Structures are given as structure tokens and as C-alpha cells.
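Please examine the sequence and the structure shown here before reading on.

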Amino acid sequence: MTVEPFADLLGASPSGNGRLAVPFDGNSLDVEIEPDPLTGAYQWFHFRVRADGAVPIRIVNTGASSYPRGWEDCIVWVQPAGGRWRPLRAAHADGIVTFSHAVPGSVVSYALFPPYRQARLARLAQRVAASPAGQVVPGDTKAGRAARFALGGDASARQIWIVCGQHGSEHPALWFADGLVEALLQDETLLAGKRFHVVPIANPGGMRRGFLRTNPLGQDPNRHWGEGRAACPEVATLLDAMEGRGVDVLLDVHTDFEMGTVYLDVLDEWMETPERLSRLREDFEHGLAEFSSDVAFGRRYPWSEPPSPDLLAGMCAPAVERRFGAAAITLELPIGRYRDALGAPGIWYPRHSLALGRAAAAVLLGRA
Ligand SMILES: [Zn+2]
């Protein structure tokens, strides 16, 4: 008697993404990544599989994804039930990413990066609330209002904003926020004169649903920072909070799915950024390169042509620079394989994000 092989796709929550492309045929479990509403963008996946053998799992629609180069030398993260996340090398050919079910007979989670957990964020929030210099401003996911942490000085202090997770799938940026807050909590005496507002997940609705970039309404928050009342609730509520408190420095943290390095996206030449603000940003970048072996000064997004006026108007850092006269910095983190400051190849783990967050805190405490 032969036993039919068994494999099934199970959802993951929060931040789950992945559905069966076709019913399991006994040979491979074919999964497709679900696109964001309205925009159709997709790259992020996170699902669970139960299978009785080392069944090949294939993600079959990577060819038309938003960042096709991101699948070269692809890393898939794997978490056996009750175990730790670890990276697994996957094959990529003809728009299909293939790997084998890691633990036959068991349920295993797979994701593009270890998802930042709500339980961990809740523990961090408790510690912020318990800190004499800390305050937790609760969010309301349905209303598109992100939770944030305030730490340090009062209204007369320099107001430093760190915004992570405008794109809810950018889990390296969410881990970064954790490392940064952790470092601020340990440095209360240095906080006087500076007030930090940290938004760990600026787009909580999109993060929960496993969307690559959009909020639940299908809007990309990082295109809605222009003049006037933003139509995107995640941005409107954040701008209200910023208007009430002011912004001296903004750090907007993202994840780049293709570049494979930590870098700054600098738009000065099209923004006519005042030299004073450019220098503040360069000081920050030099500081980060001093504190982190993953950062090399001067790495930039290679704009092949000038960004459109609409794009410049709608992105967070340029808009905040214009509206508040703030030093506004867009920091991009890698996912998957990356090169450190010296160009040595490696795999970006959550611990790299945590360490970079701590390094950024050290720089901002000292220099911002
Ligand atoms: Zn982003």
C-alpha cells in the first residue's frame, strides 16, 4: 500500500501573506504571494506549512513581484514549531523560489524575514511606561493611528522623531525601532534636552494584514506627506502629532529589498536642502559609520533620473524637511544577503537591526 503524500498551507497572523496557487498535487506545494490592494505591489510572504515529508515548497509568482532582483541568492527564514528563526538558502529560477519543507511531520513557519512580534512590542511598551522619562501614546489600528513612545525631555527640548514601518512588511525596520528604544531606556540621564518620539510601526493595519506597502485602504503612506490634510489616516494622525510638538530631527526608517546594504536616500540636490541640514545629516551618517560596522559613509540610492515632483512632495523625509525645517533622514536597511561597511557579504539578522538601532540612538543622543 502506498500512502499519499500530504502537505497543507496554513495561515500566519499577524503579517501573514501567501495562498495556495493550486491544490497540492503530491509533488510540490505551490504558493503565491498576495498583492497589496489597489497598487498590486508584492514581495513579503509569511505562512505556515504542515507536511509529512520534505515536500518542495514553491513560491510561484516572484517573477512579477515588486523587487525581482531581491530573489537572487534568495534567503527564506524558517521557524520550526516552538523553535528559533533561521535562514535557509532557497533556489530561484524562472520566477519561482523553491525550498524543501524543513521538518517533515511538523508545522513550520516561513517568511522573508523573522516577523517582529506584537508580544515583544507589548513588553517594550511596558518598559517605556515604567520608565520615569517614558510615555506610551496608545494607537488605534482601525483609525490608522500608530502607537508611539515618547522618551526624554519636555516640550522645550529638541524634538527627535523616529518613524519605522510606514511599510508594514519592512520588519528589519521594526526590529531597528526595538534596538533604538532599548538604548534610549538605558540612557535616561543623557535624554535631557532631547525628546524622542518613536513610532515603531507607523502602518499597523498594513503590517497586520501582511501587505508589502499599503495600509488597509490600499494607500502607500510614504506618498501622502504633501501639503494639506493627508488623505491617508496613518500619515494624517502622525502629522497632527508632529504639528503639536514640532520636529527638529526626523529619521524615517525603511527596508530596501534589492540593494543589499545600509544606506541613506538623499534628495538634497532636488530639494535645495539648506547646507545646515545637509551637514546635520552627514554628521549623523558619520556617527552611524563610527558606531556600526555595517554602515559605510556615502552609500546612496542610485537615482537614475530625478524623482518626480509628486514623489518628492509625498515622501516623508522631504515633506517633513519642507514643513518643519527639520533635518530629515531616510535610512534604508537590507533584507536577506547584504554587504557590511567593508563590503564583506553576510546575512542580515534581526540582531543586526537591533544593533543598528542602538547605534542610531547613541548618535542621536550625542549629536542630534
Ligand atoms: Zn519602506
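## A salt bridge between Glu-258 and Arg-69

In this predicted model, Glu-258 and Arg-69 form a salt bridge through their side chains, with an N to O distance of 3.9 Å. Across the interface of domain 1 and domain 2, one salt bridge is found. Side chains of opposite charge can pair when their charged atoms come close.

The domain assignment divides the protein chain into domain 1, residues 7-111, and domain 2, residues 118-367. Domain 1 contributes 22 residues to the contact, and domain 2 contributes 23 residues. The C-alpha centres of the two domains are 28 Å apart.

The size of an interface is often given as the accessible area lost when the parts come together. Between domain 1 and domain 2, the buried area is about 1,900 Å², and carbon and sulfur atoms account for 65% of it. Nine residue pairs are in polar contact between the domains, both residues of each pair having pLDDT 80 or more. On the side of domain 1 that touches domain 2, strand E6 (75-80) and strand E7 (86-89) are the elements that give two or more residues. The residues on this side comprise eleven nonpolar, seven polar and four charged.

## Salt bridges in the whole structure

The structure holds twelve salt bridges. One of them joins the side chains of Arg-50 and Asp-8, at 3.9 Å from N to O. This pair links distant parts of the chain, since Arg-50 belongs to strand E4 (residues 46-51) and Asp-8 to strand E1 (residues 7-10), 42 residues apart. Arg-50 is partly exposed because its relative accessible area is 36%, a value between the limits of 20% and 50%. Asp-8 is also partly exposed, at 26%.

Another salt bridge connects Asp-268 with Arg-281, whose closest N and O atoms are 2.6 Å apart. Asp-268 lies in helix H5 (residues 268-271) and Arg-281 in helix H6 (residues 275-291), 13 residues apart. Asp-268 has a relative accessible area of 17% and is therefore buried, as the limit for burial is under 20%. Arg-281 is buried too, at 8%.

Is each partner in the salt bridge of Arg-300 and Glu-285 buried or partly exposed? These side chains meet at 2.9 Å, N to O. Arg-300 is partly exposed, with a relative accessible area of 27%, whereas Glu-285 is buried at 1%. Finally, salt bridges with shared partners join Arg-19, Glu-32 and Glu-34 into one network.

Terms used
Residues numbered from 1 in each chain as written. Predicted model: local features only at pLDDT ≥ 70, side-chain atom pairs only at ≥ 80, totals over all residues. Heavy atoms only, no water. Domains from an automatic or database assignment. Contact = heavy atoms within 4.5 Å. Buried area = accessible area lost by both parts, 1.4 Å probe. Salt bridge = Lys/Arg side-chain N within 4 Å of Asp/Glu carboxyl O. Polar contact = N/O pair within 3.5 Å; in protein donor to acceptor, adjacent residues only side chain to side chain. Helix = DSSP H or I, 4+ residues; strand = E, 2+ residues; numbered from the N terminus. Nonpolar A, V, L, I, M, F, W, Y, C, P; charged D, E, K, R; others polar. Buried < 20%, exposed > 50% of the residue type's maximum accessible area, 1.4 Å probe, protein only.
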